[in-house]
Amino acid sequence: MKIAAGQCRNLRGVSVPSTLKIGPFAVDPPVVLAPMAGITNVAFRQLCRQYGAGLYVCEMITARALVERDAMTMHMITFDEGESPRSMQLYGVDPRNVGEATKMIVDENLADHMDMNFGCPKSTHLQQSLLAA
Ligand SMILES: Cc1cc2nc3c(=O)[nH]c(=O)nc-3n(C[C@H](O)[C@H](O)[C@H](O)COP(=O)(O)O)c2cc1C
């Protein structure tokens with residue numbers, strides 16, 4: 001069956017626009033690599049890009065660690081030269097840290113797209129009060 005330009009078929013076979021837009025960014029193909037702590041680092045994203053997706057979210061970044069410019073966190077927010085848009089997931093429990101980290105990301109142009117993690121029911125995260133859930 002023929003597919004019109006700019007369209008693709010979803011899992012039910014329905015023709016849908018092939019381009020997802022997030023603000024000014026076209027996510028084409030409309031496939032997103034979900035953020036995975038300890039997994040979606042720059043090397044993993046590069047590997048996945050070879051198979052094609054539209055948006056690759058980096059590892060979860062702690063707002064407080066970013067504000068404090070923790071060395072490991074600064075390393076984790078490194079994007080490859082060709083990565084566009086640069087997508088960063090930010091999480092935190094203190095609104096002041098989240099606000100400050102967001103300002104830092106904007107002021108220092110550290111990312112193009114932000115994914116906010118406001119809660120995760122994972123028991124280890126809850127025990128450490130890492131997330132907002
Ligand atoms: C190892 C691992 C780490 C993950 N880390 C995060 C994370 O840091 N932030 C987040 O929002 N979700 C995290 N997730 C959840 C994934 O982003 C995703 O939402 C989940 O795997 C469900 O994906 P699916 O809907 O494609 O099945 C993680 C999942 C896995 C398996």
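Of the 133 residues of the protein, 20% count as buried, a residue being buried if 20 or more other C-beta atoms, placed from the backbone, lie within 10 Å of its own. The model is a predicted one, in which local features need pLDDT of at least 70 and side-chain atom pairs count only at pLDDT 80 or more, while totals for chains, interfaces and linings use all residues. Residues are numbered from 1 along each chain as its sequence is written.

The secondary structure comes to five helices and eight strands, taken as DSSP runs numbered from the N terminus, with at least four residues (H or I) for a helix and at least two (E) for a strand. Along the sequence these elements follow the pattern β-β-β-β-β-α-β-α-α-β-α-β-α. Among the contacts in the protein with a separation of 6 or more, 48% join residues 24 or more positions apart, where a contact requires C-beta atoms, placed from the backbone, within 7 Å.

Four of the strands form an open sheet in the order E5-E6-E7-E8, with parallel pairing; two strands pair if DSSP finds at least two bridges between them. Strand E5 (32-33) and E8 stand at the edges with a single partner strand each, so one side of each is left without a neighbour in the sheet. Strand E7 (residues 87-91) pairs with strand E8 (residues 113-117) in the parallel sense over five bridges. Between E7 and E8 the chain passes through helix H4 (residues 95-107), and this β-α-β crossover is right-handed, meaning that, with the strands pointing away from the viewer, the path from the first strand over the helix to the second runs clockwise. Within this pairing, Met88 has Met114 in E8 as its bridge partner, and Tyr91 has Asn117.

Met88 also belongs to the largest nonpolar core, which has 17 residues and in which Cys58, Ile61, Ala63, Leu66, Met88, Leu90 and Ala101 have the most contacts; such a core is a set of buried Ala, Val, Leu, Ile, Met, Phe, Trp, Tyr and Cys residues joined through C-beta atoms within 7 Å. Two or more residues of this core come from each of strand E6 (55-62), helix H2 (63-67), E7 and H4, and E6 gives the most, with six residues. Leaving aside residues up to four places away in sequence, Leu66 touches Ile61, Thr73, Ala101 and Met104.

Asn117 returns in the surroundings of the ligand, together with Ala34, Pro35, Met36, Ala37, Ile39, Met60 and Gln89, each with its C-beta atom, placed from the backbone, within 6 Å.

Definitions and conventions: Buried ≥ 20, exposed ≤ 12 C-beta atoms within 10 Å, placed from the backbone. Contact = placed C-beta atoms within 7 Å.
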